[in-house]
Amino acid sequence: MVVASPNSSLTTNSKPSAAARIPTIDLSDRTSNRQALLKLLVEASEKYGFFKLINHGIPQDCISRAEEEAMAFFAKPTAEKLPASPEISPIDVGNTTRFGYGINNIGRHGDIGEIEYLLLPSQPSLISQLAFSISQNPSKFSCALNDYIQATKNVACELLDLMAEGLGISDNSIFSRMILDAQSDSLLRINHYFIHPTPSNKLGFGEHSDPQIFAILRSNDIAGLQILLDDGLWVTVPPDPTAYYVMIGDLFQVFTNGRFGSLKHRATANIGPRSRMSMTFFASPSLDTWISPLPEMITSDQPCVYRSFTWREYKTYIYSLTLAGSRLDSFKIRP
Ligand SMILES: O=C(O)CCC(=O)C(=O)O
Ligand SMILES: [Fe+2]
């Protein structure tokens with residue numbers, strides 16, 4: 001399980017060799033080498049809360065179309081992007097997320113990053129609604145982004161089924177059903193790190209763990225993502241546009257009763273030579289889903305650590321904190 005950072009400044013003790021410790025999961029092993037794959041998946045999630053995913057099967061064309069649409073949006077002057085911000089184009093879905101364009105402000109409590117972003121819902125009808133304020137060709141944008149979300153969601157569901165199987169959970173599709181639910185609160189976040197050429201202590205995206213079940217991230221070939229290992233070492237993740245990176249989130253920590261630990265990570269400010277863009281699918285249940293440790297994860301050695309709560313309750317709570325705030329502690333049965 002990953003521990004909190006000893007300091008959250010940018011002083012990094014990251015060594016290039018540490019990147020060699022990042023586990024790699026080859027999804028093409030799912031048939032030929034299934035048992036070894038399940039073991040590796042569980043070990044990586046337990047030990048690092050993080051792994052690289054190769055041979056994921058998402059077609060390059062599907063990735064490129066989404067990436068090009070997003071890059072075209074970010075290339076516009078700021079004044080032309082602001083109409084896509086939630087203040088100007090709110091999409092009211094009774095949801096807690098403010099979808100659309102954001103710049104610099106991360107969350108609602110003063111966290112600032114050298115970043116601009118698009119937060120997109122995973123429901124096609126909502127993307128179509130938002131697309132009118134994002135693109136001159138809304139149907140092209142919606143089509144590219146919906147295809148990308150669908151493809152990433154399929155991979156996320158397959159991974160979740162494999163992880164449940166590897167953990168010995170009798171209902172293998174317990175997690176993927178949450179993502180496939182029409183009310184799932186899953187979302188796509190596209191972060192654009194503009195070039196910030198002067199070296200400084202500023203961050204692109206501050207230290208945090210993702211609150212959802214897990215996040216599945218892909219970026220272009222510019223470095224920026226750093227993960228915190230349990231020995232307090234910040235490791236720079238070498239960018240690989242052909243691969244995905246999976247980060248365990250807080251809800252997975254609860255479902256597994258602490259066996260998987262959510263990953264602390266951050267992104268550095270982008271010193272170039274080109275802008276960096278990451279696209280991350282966050283796998284989430286619906287807002288009213290009850291979250292609690294699964295019975296298979298509770299043993300005499302590891303009694304139930306967390307009380308039950310809904311995703312809505314957790315999300316509302318973390319929105320009241322800063323990015324790096326300690327989140328799950330308040331949900332422990334014995335804090
Ligand atoms: O863009 C990245 O590399 C990381 C972003 C991130 O952690 C997030 O969007 O939650
Ligand atoms: Fe994150």
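Modeller: What follows is a walk through a predicted model, one label at a time.

Colleague: Glad to. Why is Ser45 called buried?

Modeller: Its relative accessible area is 0%, and buried means under 20%, so Ser45 counts as buried. Ser45 belongs to helix H2, residues 34–47.

Colleague: What makes Pro211 and Thr289 buried?

Modeller: Pro211 has 12% relative accessibility and Thr289 has 18%. Both values are under 20%, so both residues are called buried. Pro211 is in the loop between strands E6 and E7 (214–219), and 18 Å separates its C-alpha from that of Thr152, 59 residues apart in sequence. Thr289 is in the loop between E12 and strand E13 (290–291).

Colleague: Why do you speak of a polar contact between Thr289 and Ser286?

Modeller: Their side chains are joined at 2.8 Å. A polar contact needs N or O atoms within 3.5 Å, one able to donate a hydrogen and the other to accept it, so the pair qualifies.

Colleague: Now the backbone. What makes Asn55 and Asn104 worth a remark?

Modeller: Asn55 has a positive phi of about 55° although it is not a glycine, and Asn104, also no glycine, has a positive phi near 65°. Asn55 is in the loop between strand E2 (50–54) and helix H3 (60–74), whereas Asn104 is in strand E3, residues 100–106.

Colleague: Why are those two called partly exposed?

Modeller: Asn55 has a relative accessible area of 45%, and Asn104 has 27%. Buried is under 20% and exposed is over 50%, so both fall in between and are partly exposed.

Colleague: Which peptide bond is cis?

Modeller: The one from Gly272 to Pro273, with omega near 10°. Pro273 is in the loop between strand E11 (265–268) and strand E12 (276–283).

Colleague: On to ligand 1. Which residues are around it?

Modeller: Among them are Arg189, Asn191, Phe205, Asp210, Leu225, Arg276 and Phe282. Tyr193, His208 and His265 are also around ligand 1, and each has a polar side-chain atom facing a ligand oxygen in the distance list: 2.6 Å for Tyr193, 3.1 Å for His208 and 2.9 Å for His265. The protein covers 98% of the 300 Å² of accessible area that ligand 1 has on its own.

Colleague: How many cavities of 30 Å³ or more does the structure hold?

Modeller: It holds 1, and the largest cavity has a volume of about 40 Å³. A cavity is a space where the probe fits but cannot get out. Residues lining the largest cavity include Leu217, Leu225, Val237, Pro238, Tyr245 and Arg276. By class, the lining has 8 nonpolar, 2 polar and 2 charged residues.

Colleague: And what is the volume of the largest pocket?

Modeller: About 880 Å³. Of its 45 lining residues, the closest to the centre are Ile106, Gly107, Tyr117, Leu119 and Arg189. The lining divides into 21 nonpolar, 14 polar and 10 charged residues.

Colleague: Which element gives the largest share of that lining?

Modeller: Strand E3, with 6 residues. Elements that each supply at least two residues include strand E4 (111–121), strand E5 (187–193) and helix H9 (311–319).

Terms used:
Residues are numbered from 1 along each chain as its sequence is written. Chains are lettered from A and ligands numbered from 1 in the order in which they are written. This is a predicted model: local features need pLDDT of at least 70, side-chain atom pairs count only at pLDDT 80 or more; totals for chains, interfaces and linings use all residues. Side-chain values use heavy atoms; hydrogens and water are left out. On a 1 Å grid over the protein atoms alone, a cavity is a set of points where a 1.4 Å probe fits but cannot get out, and a pocket is an open set with protein on both sides within 12 Å along at least five of seven lines; lining residues have an atom within 4 Å of a point. Grid points are joined across faces, edges and corners, and a volume is the space filled by probe spheres set on the points. Ala, Val, Leu, Ile, Met, Phe, Trp, Tyr, Cys and Pro count as nonpolar, Asp, Glu, Lys and Arg as charged, and the others, Gly among them, as polar. Helices (H or I, at least four residues) and strands (E, at least two) are DSSP runs, numbered from the N terminus. Buried means under 20% relative accessible area, exposed over 50%, partly exposed in between (1.4 Å probe, protein chains only). A residue is near a molecule or strand if one of its heavy atoms lies within 4 Å of it. Accessible areas come from the Shrake-Rupley method with a 1.4 Å probe; for residues, only the protein chains shown count as cover.
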